[in-house]
Structure formats: C-alpha cells, structure tokens
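This report describes a sheet, the helices packed on it, and a ligand site. The sequence and model come first.

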Amino acid sequence: MSDPGIGWLDGDVAFITGAGSGIGQAVALRFLQEGAKGVAILGRDPGRLESTVTAAGTGADRLLPLVGDVRSSADLQAAVDATIGRFGKLDVLVPNAGVWDFNKSISRTTPDEIEAIYDELFDINVKGYLLTVSTAWRALVESHGNIVMTLSNAAFYAAGGGPVYTAAKHATRGLVTQLAYELAPKVRVNGVAIGGLRTDLRGPASTGMSERSIEQSFAKHDDGRGPNLWLPLHHASPDPVDSTGPYVLLASRRNASVITGAVVNADGGIGVRGF
Ligand code: NAD
C-alpha cells in the first residue's frame, strides 16, 4: 500500500458502508492508495471487515472498521462519531451497502414475496442510503466534502434485477439529484452506476435469498451464452477494482469541484445497444 500524501485524495477522510467485500472493499483500498488520511469501513459482519483490513497491508493503520447495520440510525451515528473522533473530520461519504433481488420478476413472485423483498431491500438499499446521509451531512458541510453513491445499471435500465431492485436503484438516482440540490453549494453529491461485478452480493434474508450470491448467478453463464455477452467492454464481469476510478474522480476536490448531481455509467457499456 502506498504512503499517504501522493494521491487524488491526499489527507481526506472517507466513510464507506458495506466495505467488507465487493466494490465497497475495493473503493476503500483504492482511497488508501490515493492518499486518504483515514477510511472508516462499516459493515454487518466483523469477519468481512477484517478481510478488508488484511487486504490493506501496510495501509491498515489508516482503516477504521466499524460494525453496524445501515438500517439503524443509532449504528450510523455511532460510526460517524467514531470516524470524526479518530480522524478529526469527514470529507467523503460512500453509501454503498446493498442487497439484490436475484431478478425475481413480477410473474415469478406472489404478493407476499414481493412485500418481503420490498421491505428488506428498500430498507437497506434506499433507507440505508438516506440514513447514512442524514447522520453525516453536517460533517460534510463543515469540510466542504462530498458524497459518492453506489448506483447500478439498474438505476437506468431493465434486467439488472427484478422490479424491486430496479425501483430501489432508480430511487437512489433520485437521491443523487435531490441531495445535490439540497446540499449545494457546500457538499457535492454524485453517483457511480456500476454493473456486472462478480461479487458476493446477496439477497434479502427474510426471503431466504441471503444464502446465494450474484457471483453464482454469473457463474451459470460462464459458457459465454449468458448475460455477460451484453457487456460490450468485456465478456466476463470484471474485478471490482476496475470500477473504482470513477469514485476517486468524483470524490476528488481537485478534479471534480464543478461536478454535482452527476452519475457516471461504469457498467461495461450496457446501454450502448439501446435495447
Ligand atoms: P457485496 O455483497 O460484496 O457488498 C455489499 C456489502 O454490504 C456486503 O459486505 C454486505 O455484508 C454489506 N451489507 C449488506 N446489508 C447491510 C446492512 N444492512 N448494513 C451494513 N452492511 C450491509 O456486493 P457488491 O456487489 O459489492 O454490492 C455493493 C453495492 O453495489 C450494492 O449497493 C449493489 O446494489 C451495487 N451493485 C452491484 C452490482 C454487481 O454486479 N455486483 C451491480 C450494480 C450495483
């Protein structure tokens, strides 16, 4: 891990939810490489957070692992307080923790199932983002900081999930727009619409979907005949680290001071076919 003081996030302090795996972990490690003074990583599972700390190597002393659930404002408030207590400020907030609905279509679900998926998924993917911002925005105003939300190809297009996931990701796109408006001029708010990452992304526990991961869904199509073919830039879904660049750009005061309310489509070009 490179020393602080040489990157696009020199001396900045970040707070990332869902950073014990997947894109959240990759962004945390990349922020350290970009010179972040400190990165607080929140997740439900201490073991996962520990894997991020281990992966950080010599940068681990700039990481602050925090166990908590993004559905709990008390957990989030304690985590924001701990971040400021340890590093003195907060510059970059990354609401990212989420679950997926495994493409459960309206025709393959009962009303009861839709309700269960909706309640847990919206609680984590939408309310969780709102609560994360709600507990941290004052610190960001103070630092003239910014927010970079993890969105999805499903924030723009069909077939990145079922109706619940797609609606939730469209909702977070609305959060980018509204919060960019409300928090200007002191806090910038942007999003990265990632897509097709081979991660451990799970489903709502209440519906029994927490035992499966999106990686297992991708693996079913490794013969090349599956949905991976609709990513023009790559046949296989990429490593999360390939998607971290837009987070660094949008988080960087030096490089993105005039960008707010924007979403970077970092999805391998899913939209170029237009159908
Ligand atoms: P992931 O499962 O590796 O990461 C999500 C993390 O969030 C996990 O560590 C999980 O434990 C944590 N988490 C889940 N619920 C939580 C809660 N209630 N409180 C705290 N932490 C919680 O999967 P990922 O693919 O890296 O997903 C991260 C984000 O990326 C999600 O918002 C997801 O919707 C989005 N996304 C993923 C893909 C993809 O193809 N993998 C595509 C588009 C968008």
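Which residue has a polar backbone atom 3.4 Å from an oxygen atom of the ligand? That residue is Gly22.

## Basis of the model

The model is predicted, with local features requiring pLDDT of at least 70 and side-chain atom pairs counted only at pLDDT 80 or more, while totals for chains, interfaces and linings use all residues. Residues are numbered from 1 along each chain as its sequence is written, and side-chain values use heavy atoms, with hydrogens and water left out.

## Ligand site

An N or O atom in the side chain of Lys169 is 3.0 Å from a ligand oxygen, and for the side chain of Tyr129 the distance is 3.4 Å. The ligand taken alone exposes 820 Å², of which the protein buries 96%; these areas come from the Shrake-Rupley method with a 1.4 Å probe.

Helices here are DSSP runs of H or I with at least four residues, strands are runs of E with at least two, and both are numbered from the N terminus. There are 29 residues around the ligand, and Ser21, Asn96, Tyr165, Leu197 and Thr199 come nearest; a residue counts if one of its heavy atoms lies within 4 Å. By type the shell divides into 11 nonpolar, 12 polar and 6 charged residues, with Gly counted as polar and Tyr as nonpolar.

Gly22 lies in helix α1. Leaving aside residues up to four places away in sequence, Gly22 touches Thr199 and Pro240, where contact means heavy atoms within 4.5 Å. Gly22 and Pro240 are 218 residues apart along the chain, yet their C-alpha atoms are separated by 6.2 Å.

## Sheet and packed helices

An open sheet of 7 strands runs in the order β3-β2-β1-β4-β5-β6-β7, with parallel pairing; two strands pair if DSSP finds at least two bridges between them. The edges are β3 (63-67) and β7 (263-266), each of which has a single partner strand, so one side of each lacks a neighbour in the sheet. From one strand to the next the twist averages 15 degrees. Within the sheet, β5 (residues 146-150) and β6 (residues 188-194) are joined by 5 bridges, and Met149 stands opposite Gly191 in β6.

Helix α3 (residues 73-87) lies across β1 (13-17), β2 (38-43) and β3, at about 160 degrees to β3. Helix α4 (residues 111-143) touches β1, β4 (92-94) and β5, and makes about 165 degrees with β5. Axes are lines fitted to C-alpha atoms, for helices over the stretch in contact, and angles run from 0 to 180 degrees between N-to-C directions.

## Backbone features in loops

The peptide bond from Ala184 to Pro185 is cis, with omega near 5 degrees. Pro185 is in the loop between α5 and β6. In the loop between β4 and α4 lies Phe102, a residue other than glycine whose phi is positive, near 55 degrees.

Note on methods:
Polar contact = N/O pair within 3.5 Å; in protein donor to acceptor, adjacent residues only side chain to side chain.
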